Amino acid sequence: MGTALVTGVTGQDGGYLVEQLVAAGHEVHGVCRGELSRAGELPHLAAVGSRLRLHRADLRDVTALVRVIDDVAPDWLFNLGGLSSVAASWTDPMTTFDTNARPVIGVLEYLRGRQNRGERPIRFIQASSGESFAGGGGTIDETTPVSPVNPYGAAKALGHQMVGMYRTQGVHCSSLILLNHESPRRPHRFVTRRITAGVAAIAAGRAGDLTLGNLDVCRDWGWAPDYTRAMLLAAEADEPRDYVVATGEAHSLTDLVAAAFARVGIDDWERYVSSDAALLRPTDSAVLTGDATRLRELLGWAPTVGFREMVEAMVDTDVAELGGVA
Ligand SMILES: C[C@H]1O[C@H](OP(=O)(O)OP(=O)(O)OC[C@H]2O[C@@H](n3cnc4c(=O)[nH]c(N)nc43)[C@H](O)[C@@H]2O)[C@@H](O)[C@@H](O)C1=O
């Protein structure tokens, strides 16, 4: 059994990864920015109890982060932390860079130093993003050139590229290029949860409409626990590599809205949905999907939850939270 250290432990992916690591019998440490007690109160983190040990460090303070890594000396370091919203990256590009790019460089430098000193190597898994490749449009694989269209994609692109460079220096580091991945733990600022929570509120009679941006965008929406399982597989693989993590299926936002309303028995959903120009993103790629052939063939990965099942699980959770359909 190994020891894992996870940054971004309070996020959607951090939580699922912790649960999977604990279930596999590993010792798990988590890094979080805020009060440790508040992180420990998240029900799914509280449920793993003493199998998870929390450490406080802000990713913007690379020295503090490296100190935690040095203290824990894990076998695997999963870097999932950082500002993850494309929309927010336009309002705070500096924090986007400081949390998504700078710590990656700092950590890789530390790992290279460890290796040069002959210390036990730590395997590094970086959560990269399909957004770093959005400029080309269409389907991305591991050979697609970097082409970000927003500060988030650019900051993540730098982290991804640094991983590739430090791999040439002998550091055991892999970059997982994650397409959109969702779950009932997805924060409400992301579109899937906005939709499923909005549909649940309409079904419960608590809201009259749902305001969205561009319904024509197509994305490759997968099930978040499948994506954290890919991270574990990459960590266990002897050879470090880049891997695209995606279902390979593109769905429009209209498909998603229709599937969510169908789950609560509403077919004439158009009358509930309106568009707000403030939610449009002019530089957005119309279509973004991924080809996970490498991950499937080399590591035997496959998604376990399809698009409709994912939407339904999210709607069901939101409906249950509101006490059911009116
Ligand atoms: C791969 C990437 O995936 C995620 O970033 P995202 O794609 O920006 O996620 P989202 O759910 O905010 O937008 C999805 C699409 O939906 C469109 N859209 C329409 N109407 C609304 C709307 O009303 N709200 C939002 N949020 N989006 C809307 C929006 O313009 C975009 O085309 C993160 O995990 C990120 O960390 C990451 O790496």
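I looked up the domains and found domain 1 (3-182 + 221-245) and domain 2 (191-219 + 250-287 + 305-321); the bounds come from an automatic or database domain assignment. I note that this is a predicted model: local features need pLDDT of at least 70, side-chain atom pairs count only at pLDDT 80 or more, and totals for chains, interfaces and linings use all residues. Residues are numbered from 1 along each chain as its sequence is written.

I checked the spacing next: the C-alpha centres of the two domains lie 28 Å apart. I then found 11 residues of domain 1 in contact with 12 of domain 2 (C-beta atoms, placed from the backbone, within 7 Å).

On to a helix pair. I saw α7 (residues 102-116) pack with α8 (residues 151-168) at about 15 degrees, axes 9 Å apart. Axes are lines fitted to C-alpha atoms over the stretch in contact, with angles from 0 to 180 degrees between N-to-C directions; helices are DSSP runs (H or I, at least four residues), numbered from the N terminus. The pair is therefore roughly parallel (under 35 degrees). From α7 I listed V104, I105, L108 and R112, and from α8 G159, M162 and Y166, as making the contact.

Last, the ligand. I found 22 residues around the ligand, with V86, S129, F190, V191 and G213 the closest (C-beta, placed from the backbone, within 6 Å). Which helix gives the most to this shell? I found that α9 does, with 3 residues. Each domain supplies at least three residues to the shell.

Key
Two residues are in contact if their C-beta atoms, placed from the backbone, lie within 7 Å. Helices (H or I, at least four residues) and strands (E, at least two) are DSSP runs, numbered from the N terminus. Angles under 35 degrees count as roughly parallel, over 145 as roughly antiparallel, 65 to 115 as roughly perpendicular and the rest as oblique.
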